[in-house]
Amino acid sequence: MREPLIDRRTVLRGAGAAIALPWLEAMLPRGIASSALAATTAAEAAPPLRVAYLFFPNGVNVEAWTPTADARGLWVPSPTLAPLADFRGDIDVYTGLRHRHAEANGDGPGDHARSAACFLTGMQPKKTAGDDIRAGKSIDQVIADDLAEQGVRTRLRSLELGSEPAMTAGNCDSGYSCAYSANISWKSESLPNGKETDPRAAFDRIFGKRGQSPEEAAAQARSRRSILDGAAKEARRLGMSIGASDRARLDEYLEGVRELEGRLREDALADLEVGDAVPDFDAAPRDIGSRIDLLGEVLALAFKTDSTRVATLMLANEGSNRPYREVGVSEGHHDVSHHGKNPEKLSKFAAINRFQTERFAAFLRALTRVKENGRPLLDSTIVMYGSAINDGNRHNHDDLPILVAGGRAKRGRVVASAPGTPLCNLHVGIARAAGVKIDRFGDANGVVGI
Amino acid sequence: MRVSRLFAVAVLSVFAARAVASSSADEVAIPASIKPLLEAHCVDCHEGTKPKGGLELAGPIGAGKIDESVLRALRKRLAKRDMPPADEPERPSLDEYRAAVSAIDALLPPLAREVAAVRRLNRVQYANAVRDVFGTEIDVREMLPRDEIGEGFDTTADTLVLPTLVLERYFVAAEEIAAQLVPPAGPAAPITIAPDRLERRGQGNTRDGLAWLWTNGTLTGAFEVKRAGRYRITIEAAAQQAGNDVARLALLVDGKVVGEHAVEATPRQPMTITWEGALSAGESRVGARFLNDFFAGERADPQRRDRNLAVGFIRVEGPLDAPSGTPFLDRAKVIAGEGPVPRRLRRVAGALGEELFRRPLSDAEHEALVRTAREATAPEKGSKDRDLEREWRDGLRVLVTALLVDPRFLLRVEKPSKGAEASRALDGSEIASRLSFFLWSSVPDAALRSAAARGELDTPAGVAREARRMLKDPRAASLSQRFATQWLGIDGLETRQMDPKVYPALDAALLASMRRETERLFDSVVRGDRPVRALITTRETEVDAALAALYGMEPPVEAGVARRAIDDARAGGVLGHASVLVATSNPTRTSPVKRGKWVLEALLDEAPPPPPPGVPQLPETKDARHGLSVRELMAEHRDNPDCASCHVRMDAIGLAFERLDADGRFRSEFDGLSIDDSTEMPDGSVLRGARGVESMLAASTSFERSLARHLLVYALGRGTADADDVLVDRLAADLAAKGDFATLVEGIVTADAFRIRTNLRDSARSSLPSARPAVD
C-alpha cells in the first residue's frame, strides 16, 4: 500500500489550521537523546539550561521603548515592545541597570565601541585603534568554560552569530579598533570570538555537510584526525622558541586545534539528524529580517540538539549605519539614532527598534516551536535581549534597555533596580541560574536574580 | 582669531582629559632646556585657575616637575608643531621645536612599538598564496571570514586574532581547496539519495519508499559534487490524481527551475524523470516542487478527493565529461617524479612546503608531512589489489590540506630576540616574507627566496633592489586593492547602501566601477607611470562606460576602460573620484562633515576628535527648505563653541566639495538653491571649491607625510608611535623631494623598523591563560 493517508490532513483542513502545524516537533527525531550527554541529562529530571544573549546597537528611542507597569506590577507593551505581546508572561523588563565601564572615564568619545565591548564583559576596553586590543572575558565565555569544567561536553563550546560581518575600511569609532564594535563575545581579554553571519554556513558548521555516505564521513574523520595531530605537533614545536609576550596567536591556534579535535570525538557520538527541520535557506529572501530570523532558527536547532549551550547573536554591529528600508527608513540607523528630538527621526528610530524587537519575538517563537520532552525549548533557555546604550541620542549607559525571557520561570514583571545598579549584577544572576556558581563579574557588587 | 583659540582649546581639552585619566601620576623633571620655550610661548594661556584646556603649566614649571603623561602629550604637540596655535604672532622656530622634542626624548625614551613575533595571514594573503602556489582560480577569499580591522588596516597583527571560528573556517577552506585541486580518479560512483533523506517543505510523510507532498511544497536532496562537470540526475516520481489536472512537478537544481513535468505515474509504478546539465563543485541540491495541489473533501469518491505528489529516489551520476585531471595534478606529477607513493609525496611536500612556509624544509619536516598524509590514507593491511593512482591522489589531497592548515603557513613567525639582546636583524627569509606580504599580499616567489638564500637581503641595497623588482610585478596590484582602498576608506564600497529613491543609479556594479577607477589610478602610481602627487592632482582618469555616463564623459569606444580628461570643475585625482565622494556621504545626501573629516584623516593625517554626545545631526532636506541652506545650517557649528573648535576647519573643507553630489555627479544647485562652494578656513584663507582643497593640499607636504605614515602602518602591521616620528618625517621628506612611489617603498623596506626586530613586547601578554605543557 503506497497511498498516503489523507485523514490527518482532512482534520487539519477542517480545523482551518493548516499553517499552525508545529513544524519542528515531529521532525527532530533523536537530537539530544543520543548525544554524548544522554547519560548525564537523562538522569536529571529537567533538560539542561541554555543561555542566549541578543544584542542590538545604538540604544533606543526611550519613550517608545519604556513599558508601563499595571497594578500587579506586570508590564504593558509599549510601541517598541508591542511585537512581544504574545510573550508577556515569558519576559521580564529590567530597569535601572548601568554599564559604568561603557562610559568615557577619561577616554573621551567612543561610546559605541565601548558599549559593545562592555556589554557582556563589564570591562572598560582599552582605547586603541588596533595594537594591543583588550576588553575582558565575556559572561557567555565564563559560562562556557564553567560548563566545560563541570564535564559538559557539547560539540561547540559556544556559538557566536551576527547579521553583519567585521567592518571594512575605516575608523569605527573615535580611535577604537573596529574589533570592539563588531564583537560582544570575548574568549579572553584580548581575543574577540568573531561571529558567523551566513545562516547557511552556520548551519553547515553545526550539522555538517549533507550528502556524505558513512564511508566518506569515516574517511574524512580519519584524515582530519591525522591532520590535526600533525598541526598540533608543529605548533608546539614552533612555540618552544616563543616567549609569553609573542605567543598569543600560537596559543589560540593550539586551543582551536584542541577544540576541533574534541569536536571529532563528539561527532562520532552525536546524532545530528534534523531531517525536515532544515530551514529553507534558498527560499528565504535576502533581506536583513529573514537573515536574522534564520540565524535564530539555526540557533534554536543548535540548542535542541545540544550542540552548544551558550550563544550570542548581534542583531547588528555597534554604531551600525545600515538603512532599514524594510520599515521605511532610508537613512542610516546611527544617523537617526542621533535624533536631536526631531519628531521624524524619533519615529524612524522607533521603527528600527521595533523591527529589531520583532526579530527577538521571532527567535522566541522558534524556541517555542521546538519541543523538548513535550515542553517548549524556551522553558529551558534563558534569553537576554538588550543594548549597552540607553538613549541613542545621548549615548548614556545607565537605565539600559534590557529584557530577559524564558528559563522555567514565570515572568511578566517589571524588575526595577536602584538606578546605577551594575548590569553585571544581572550577568551574575543569569550565570547562577544557568548553574554557574560565580559571585563576581566585571563591576558587579551584588546579584540581580532572574 | 576667536575661532583659532577655540581650536586650541579643543586640542588641549583632549590632552588634558588624558592627563586626568592617567591615574598612575609618575612625575618627572622638566628638562631645563625647554623651560624658556614653555615660559615664552605656553604659560600665557596655560596658567591660573582657569587655564586653557584645563592645562596648568606655571605650577609645574615652578616646581620643575611634571606628570610623565603630560610631558608625553606636550611632546606630541611640539613634534606636530600645532601649539601654540598657528595664528599666534610669536611661535618657536623650527629649530626650537626640534630641540625641545629631542630634549624630551633624551629624558623619556620615545614610546616605541614592535609587532608580535607570531601573527597570522589575513584572508587576502591566504587566498593570494593559494592562487600563486597552486595556480588556481578558486575564489578562496569568499570561503573565509572577513578580518577585523586595526589601525585602519586588515594587516594589523594584534587584530588578526585567531578564535576557533576563524581557525575552523581555514580548515574547511583547506579541505575544499584540496578537493578541487586533487579530484578522485575516474568517474565518481553514482550517488543515490533515499526518500527518507529528502528535506520536505510543505506537509507530507514518507511511506513505502516514497516521500509524499500533500500540499504545494518541495522535496530536496543535497549532495556533494566533488568535481565540476556534466551530471545526469534521475528522479523517481509518482502521484495520486484528483480534479481535472494531472499532478505537475517542477524540477529544481540549485534553486533554479530546470523543467516541468506532468506526473501520471501511480505509486505502484513510478516514472523516472532525468535531467543532464553542468554542476559546479561543492554542495548541490536537487528538488521536486509540487505545483498544483488539489483538495475537495466533499467529493463522494474518496479516490478523487485529493491530488498528491511523491518522489522516490534521486540519483546523481557523473561527471559524464570532465577529465579527472587538473593543471595542479599535472604539475604535482612532474615534481613527484617516479617511485613509490611515499617518496613521490615527499618530493611534493618539499617543493610546496618551501613555497608555502617561505623557507626550506628539513628532512624531519618532510617526513612528518608525509606521515600525516599516509596515516590518513594508507590502504588497509592485507588488501591485495592496491590502486596506486588512488593512493597517490588520496595522499596528495591530504598533504595539500595539511600544508594549508599548517601553523608554519598560517602563522608568520619571526624569531624574537633573546634575553638581554635589545634587537636582532631579521634573517633573509624573514625579510623576504615581510617584503612579499607588504608588496604582494602573498608569499615570496622563487626569485625572492633565492635572493634570501644568497644573503642579498642582508643589506639595505639588496632589499631595495628586490622591492623595486616586485613593484613591477602584477602581484603589486594588491597595493591598490588592499592598501589604497583601506587608506581612502573605499574598501567594500559595493556593499554600501545608498537610498535608491534619491540615487537610483548607484547599484553594486556601478559602485564597484567607482572603486576600480581609484585602484587604476593608484596602480599607475605604483608602477611609476605617475608621481605620487598625481593622486590628488591628475586631470586624467580611466573610466568604463558606466562611469563615463555618470561623469558625462565620452564613453569608451570598445569594451573596457578609456582615458579621459576630467571636467574643470572637478578637483584632481581621488578628490574628484566618485568612489571617495560616495564613501564620504550619507545614504540620502552629501555630508560635508564626513568629507572634511576624510581629508583631515586620510590626506592630512590629522584625526579630529569626534563630537561630544548629545549633538544632533543636520536635519534632512525637508528642514533645509525652511530657508536655510546646508551651509547656513552648518554655520551653527561656528556659533557653538563645543563644535567650532574642530568643525570650522572640517566644514570649510567639506563644504568646498558641495558641488559634487553624494553619487559623484557635478551639480550647481541643491533644492533650488545655488551652491556657494567658497569657504573660509580658520586662518582666514579661502578655499574656492574642491579645486581650492586641491591647492591647499598641494601647498604643503602633509599629504606625503600622511601617505607615508599610512603605508608604514600597513607594511609593519602595527600602529606608529613617537619613536617612529623621525622615520615618518624622513620618508615624507624623501617622497616630497623625489615624488615617486618606489622611493617611499624603498624608504620603508630599508628602514630599521622593517629590517630589525626590537625587544619591546614585554608588557604585552598572551591572550589565553597559557599553553598547556607541551606533550609531544
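This is a predicted model: local features need pLDDT of at least 70, side-chain atom pairs count only at pLDDT 80 or more; totals for chains, interfaces and linings use all residues.
Trainee: What is its span, and what follows its end?

Mentor: Helix 26 of chain B runs over residues 702–716 and reaches 21 Å from first C-alpha to last, close to the 21 Å expected at 1.5 Å a residue. After the helix comes B:G717, with a positive phi near 80°.

Trainee: Now for packing. How are two packed helices described?

Mentor: The general idea is to give the angle between their axes and the distance between the axes. Take helix 15 (residues 460–471) and helix 28 (residues 741–749) of chain B: their axes come within 9 Å and cross at roughly 140°. Helix 15 of chain B is therefore oblique to helix 28 of chain B, and the crossing is right-handed.

Trainee: Which residues make the contact?

Mentor: Helix 15 of chain B contributes B:V463, B:A464, B:A467, B:R468 and B:L471, while helix 28 of chain B brings B:A742, B:V745, B:E746 and B:V749. By class, this contact has seven nonpolar and two charged residues, with no polar ones. As for the spacing along a helix, an α-helix has 3.6 residues a turn, so residues three or four places apart point the same way.

Trainee: And chain A: how many helices and strands are there?

Mentor: Chain A has 13 helices and 15 strands. Of its 450 residues, 58% are buried. Among chain A contacts with a separation of 6 or more, 68% come from residues 24 or more positions apart.

Definitions and conventions:
Residues are numbered from 1 along each chain as its sequence is written. Chains are lettered from A and ligands numbered from 1 in the order in which they are written. Helices (H or I, at least four residues) and strands (E, at least two) are DSSP runs, numbered from the N terminus. The expected span of a helix is 1.5 Å times one less than its number of residues. Axes are lines fitted to C-alpha atoms, for helices over the stretch in contact, and angles run from 0 to 180 degrees between N-to-C directions. Angles under 35 degrees count as roughly parallel, over 145 as roughly antiparallel, 65 to 115 as roughly perpendicular and the rest as oblique. A crossing is left-handed if the near helix is turned anticlockwise from the far one by less than a right angle, and right-handed if clockwise. Two residues are in contact if their C-beta atoms, placed from the backbone, lie within 7 Å. Ala, Val, Leu, Ile, Met, Phe, Trp, Tyr, Cys and Pro count as nonpolar, Asp, Glu, Lys and Arg as charged, and the others, Gly among them, as polar. A residue is buried if 20 or more other C-beta atoms lie within 10 Å of its own, exposed if 12 or fewer, and partly exposed in between; C-beta atoms are placed from the backbone.
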